[in-house]
Amino acid sequence: MRPDFGARAARYDELRPLDEDWWELYGALVRLGDLRGRRVLDIGAGTGAFAAALGEREACRVWGVEPAPEMLETATAKALRGVRFKLGRAEQLPFKDGWFERATMRLVVHLVDRPRAFAEARRVLGADGRLAIATFDPAHFDAYWLNRFFPSLEQIDRSRFPTPEALDRELLEAGFAAVEIRRLSQRAELDREAALAKVRGRHISTFDLIDEAEYAAGLARAERELPPRVQVALEWVCAVATKR
């Protein structure tokens, strides 16, 4: 089974808004990846928020590549000058060798064939190019706020997301010369209705990978048991791989 991002496109930005945590992670990737003013490829661009921010705030020339046509349509509708999008997959990028100075993958590496995707990212980067990645640390799944409602969620996501050690190894095996790993911890709070809206809208792709009976039971329990305020912990791994 693969997550259906086409079905999420219409409400994706509503259910996953650009809040303070989003912008903090954005800033970390810009700094670590040295993205400002660069020619950047955003791999797995989704609805285009990250690519748009790079173009508007960092004076980057950006291409975004996205495999879901519905997500691509949303991204294209919000495209600014200097930001363009193409339909394509991380494992077969529709660009020439050495075309970009930087590439980014934000919450993407758990969705792709990583050896092929990392090799492709390296191929399209020029000399001294960098690939900047943001993904969840395994610690993120220790106390995720949805675990108690959906029992299989934690195991599924632990199997999808690489550990920092695996990420480092896979990037080096793809031919990158050096990898730098940083961690970022965030804390947030959701009100009950916002939290329920996320669950009802299946805001994370893992909901596509659990069976309908578990989803229905978990939603019913969340509707009964969620408190007025929900504490959320986000644990990130940021990795920058350099091509030399």
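This is a predicted model: local features need pLDDT of at least 70, side-chain atom pairs count only at pLDDT 80 or more; totals for chains, interfaces and linings use all residues.
Close-up 1. Residues are numbered from 1 along each chain as its sequence is written, and side-chain values use heavy atoms, with hydrogens and water left out. R61 lies in strand β2, residues 61-66 (strands being DSSP runs of E of at least two residues, and helices runs of H or I of at least four, numbered from the N terminus).

**Close-up 2. The salt bridge of R61 with E101.** The closest N and O atoms of R61 and E101 are 3.6 Å apart, a salt bridge being a side-chain nitrogen of Lys or Arg within 4 Å of a carboxyl oxygen of Asp or Glu. Because R61 lies in strand β2 and E101 in strand β4 (residues 100-106), the pair ties together parts that are 40 residues apart in sequence. E101, at 28% relative accessibility, is partly exposed, and a network of salt bridges links D34, R38, R61, E101 and R102.

**Close-up 3. The salt bridge of E58 with R36.** The side chains of E58 and R36 meet at 3.2 Å, N to O. E58 lies in the loop between α3 and β2 and R36 in the loop between α2 and β1 (39-43), so this pair joins parts 22 residues apart in sequence. E58 counts as buried, at 10% relative accessibility.

Definitions and conventions:
Buried means under 20% relative accessible area, exposed over 50%, partly exposed in between (1.4 Å probe, protein chains only).
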